[in-house]
Amino acid sequence: MFDINRVSILNVPRWEAVYRAEICPGIVSIVAIHDTTRGRALGGCRILTYENESAALTDVLRLSRGMTFKNAIADLPLGGGKALIMCDPEIAGEERERMLLEFGKFVDAVNGDRERYITAEDMNTTVSDMLVVKRTTRHISGIEVDPSPYTAWGVYCAVKSATRFFADDLFGGNGDLRGKRILIQGIGKVGHTMAEHLDKAGAELFVSDINPSSIDRLLTEVPSANVVAPDKVIDQEVDIFVPCAGGEVVTKYNIDNVKFKILCGAANNQLATTPIGARLQERGIVYCPDYIANMGGVCSIQYLEIERLSEEETLERIANTVDQRLKLTFETGFANNLSFNEAVDHAVKELIWGNKESTLTAHNRDLFPGACAN
Ligand code: NAD
């Protein structure tokens, strides 16, 4: 049992509930439940070091809201949440196991007797980590299914769709990936599979990772890939840039240096701020919203683990949903003269809240349960 006194509730306006606990001495975990209008909140747990707790909170809040939007645009009966554990991702052995067991108890405690937040793997956590977490909570998905290959498949489908959609404007009518110069940042679980898809499609591949062993592993399978130093990524002359490492890739400091024509990757929050989307678009650069491009992983959990679709049906449904939602985004952008990152948010708000974002917090609900139910 997790001692509930170790859990504090952070009152964050517009988030249904945000919980913090020191799950092991010196190791803080935060669970953010953004919105459960469409169903229980699903979102993975990442292990990461942060400069301070405020930076960690900002990250988990943005990510959890992103999950609400991603689950809605993917048409899944799920809300959005996210969790993080603030510590060195390299933590290993008994220490890692103990931490993951405590994290599971924390997840169980925030759920109480309701199904509110379901955790899963994310950055720096693996399926085997989640098997440990499962020993102390049943509120977990992505155990039977490793979502990463499906995330990669979704990103690949998004790259293909965007290239076809903008073939005339960007590539002289050639909407094929063959021969296109494509750079992947981060050759981890998603980036590696993505590289294999793009190599098969005949793209000229560029890869970058801060971890040389990730690059070495890829080069044994795709020896023709060109390696780019991590600090030379942003101004590479490529057609398509696929961020599969961390977020905030395009910022006000580097936007004038970017040379790609399409930005489409798995990383969450690739744009440092919302106005960056409009600035990219003014330069004729197409941004495929992160939460459409990377929806394949969460879709795979729903389709394979919950709806029990076959592998083939799952891949086809991911491809169709990504394609349809991207087209909807581009068309909404054109119709309303919005940047594509704003266009997709516009479409999702309509889907979830009839275009009025909820301002309820768990605190409000606890204080005024009667009025909030009206
Ligand atoms: P991962 O941890 O397996 O891989 C990330 C890789 O990026 C690592 O190899 C790491 O060394 C590298 N990296 C980190 N910083 C870098 C930098 N500055 N330059 C170059 N390389 C760098 O993570 P993943 O599961 O492949 O996920 C990649 C991204 O996609 C993350 O942002 C994650 O949140 C997002 N995402 C993943 C999934 C999924 O199913 N795994 C789903 C949705 C979104």
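1. Let me start with the surroundings of N269. Leaving out residues up to four places away in sequence, N269 touches R62, L63, G247, E248 and D290, where a contact means heavy atoms within 4.5 Å. N269 sits in the loop between strand 12 (262–263) and helix 8 (275–282); helices (H or I, at least four residues) and strands (E, at least two) are DSSP runs numbered from the N terminus. With a relative accessible area of 18%, N269 is buried; buried means under 20% relative accessible area, exposed over 50%, and partly exposed in between, with a 1.4 Å probe and protein chains only.

2. A word on the model itself. This is a predicted model, in which local features need pLDDT of at least 70 and side-chain atom pairs count only at pLDDT 80 or more, while totals for chains, interfaces and linings use all residues. Residues are numbered from 1 along each chain as its sequence is written, and side-chain values use heavy atoms, with hydrogens and water left out. The protein chain averages a pLDDT of 92, and 95% of the residues score at least 70; pLDDT is the predictor's confidence in each residue, from 0 to 100. Please treat residues 359–364 separately: their pLDDT is below 50, though the stretch has 19 contacts in the model beyond near neighbours in sequence.

3. Strand 11 (residues 240–243) deserves a look. I240 and V242 point one way, F241 and P243 the other way, and all are buried. Strand 11 pairs in the parallel sense with strand 8 (residues 181–185) over four bridges, pairing being called when DSSP finds at least two bridges between two strands. Strand 11 also runs parallel to strand 12, joined by two bridges.

4. Which residues have the most contacts inside the largest nonpolar core? They are V159, I184, M194, L198, V242 and I262, in a core of 64 residues. Such a core is a set of buried Ala, Val, Leu, Ile, Met, Phe, Trp, Tyr and Cys residues joined through side-chain atoms within 4.5 Å. Helix 4 (residues 148–165) gives the most, nine residues. Because domain 1 (4–133) and domain 2 (148–344) both contribute, this core lies between them; the bounds come from an automatic or database domain assignment. Beyond neighbours within four places in sequence, the contacts of I184 include M194, L198 and V242.

5. Back to charged pairs: the structure holds 21 salt bridges. In one of them, E307 and R317 have their closest N and O atoms 3.3 Å apart. E307 lies in the loop between helix 10 (296–306) and helix 11 (311–336), and R317 in helix 11, so the pair ties together parts ten residues apart in sequence. R46, D59, K82 and D122 are linked in a network of salt bridges.

Conventions. Salt bridge = Lys/Arg side-chain N within 4 Å of Asp/Glu carboxyl O.
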